[in-house]
Amino acid sequence: MGGWEDGEASARRRREWEYEGFKEEKRSQWQQELKSVVTSTTIIPIDPVFLPTANNITVREGGKAELPCSVQYLSTKKVAWRRVDQDEFLTIAEMTWVADPAFSVRKEVKKHDISDWYLVITNVTPKHAGLYECQITASAGYFKHVQLNVVGPPITAPAISLYGTDFVERGEKILLICNATGGTQIAEDIDWFKDGNIIDTSRRRRNDVMILKYRSLEEGALISRLQIDHADMDDAGTYVCRSSYNKLGDFSVNVLAADSNNVKRGTQSSNNTACSPVRFETRILRLLLCCWLLLYRPWR
């Protein structure tokens, strides 16, 4: 009985050893297969890819231009910028290769092996306008072009001016022009006020009040025109225009009653002598003097 139990235990141990050996062999085989797969996937080269970005950039003179170039799967290669009409590089990787302090490069790293490379040009002048090339070194034929356009006068501090009709007779037209200039970009909007209250043409009962706005790229300005076709006495007051840069301009408008007793500023009436209040007072004084002389006759 005891011999049989010993034989059974021995067989069981042998099977366990064989199973452990089988597991170790399989583990080693799996590791070799996994290593082979990893090695085979990492050695496959992936070519860089240019991602879609703007290829036509327009800035105003005196501003800052940023030309975009987005690349995926750059790996160990480098991105370089140059002008198409020049042989020398402006930047390579994150280094600037020209002495001009206006040029620099800005890098942004994103997910999925994507990196953005911006050629930055400060204090832009017309000489900076032209065609630029973003290329990948050590990869023939990998490049993209970006056109830079420079327009308008140099950037100045935001300013505003307001001018127009200061004196007008009742029933005539009032025209005020507000000119918002300066800033890094053209002002987005202009608001109008009269005596502290905003002018909203959509809520006014009158249909003879119009506000027109348009942009002038040549002047780098937003221009707004306030027009009242038939002036009323209530239209007299102080008008203010305000740009989105929070610059204010004010202008006073005077409305005159159009009758024979009013003289428009800057003109003279044909019967000025007869209607002048000063002339009338002089006649009264002369009449009083004559009465005094007749009554008292001091020469007697």
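Aspartate 85 is exposed, with a relative accessibility of 56%, where exposed means over 50% relative accessible area, buried under 20% and partly exposed in between (1.4 Å probe, protein chains only). The model is predicted, so that local features need pLDDT of at least 70 and side-chain atom pairs count only at pLDDT 80 or more, whereas totals for chains, interfaces and linings use all residues. Residues are numbered from 1 along each chain as its sequence is written, and side-chain values use heavy atoms, with hydrogens and water left out.

Aspartate 85 pairs with arginine 83 in a salt bridge, with 3.1 Å between the closest N and O atoms; a salt bridge is a side-chain nitrogen of Lys or Arg within 4 Å of a carboxyl oxygen of Asp or Glu. Arginine 83 is buried, at 10% relative accessible area. In the whole structure, 10 salt bridges were found.

Another salt bridge joins lysine 107 and glutamate 94, whose closest N and O atoms are 4.0 Å apart. Lysine 107 belongs to strand 8 (residues 103-110) and glutamate 94 to the loop between strand 6 (89-92) and strand 7 (95-96), so the pair ties together parts 13 residues apart in sequence. Strands (E, at least two residues) are DSSP runs numbered from the N terminus. Lysine 107 is partly exposed at 35% relative accessible area, and glutamate 94 is exposed at 55%.

Aspartate 189 and lysine 213 form a salt bridge with an N to O distance of 2.6 Å. This pair links distant parts of the chain, 24 residues apart: aspartate 189 is in the loop between strand 14 (174-181) and strand 15 (190-194), and lysine 213 is in strand 17 (residues 209-216). Aspartate 189 is partly exposed, at 31% relative accessibility, as is lysine 213, at 41%.

The largest pocket holds about 220 Å³ of space. On a 1 Å grid over the protein atoms alone, a pocket is an open set of points where a 1.4 Å probe fits, with protein on both sides within 12 Å along at least five of seven lines; lining residues have an atom within 4 Å of a point. Its lining comprises 13 residues, with Thr58, Val59, Arg60, Thr184 and Gln185 nearest the centre. Strand 2 (residues 56-60) gives the most to this lining, with three residues.

Key. Grid points are joined across faces, edges and corners, and a volume is the space filled by probe spheres set on the points. Helices (H or I, at least four residues) and strands (E, at least two) are DSSP runs, numbered from the N terminus.
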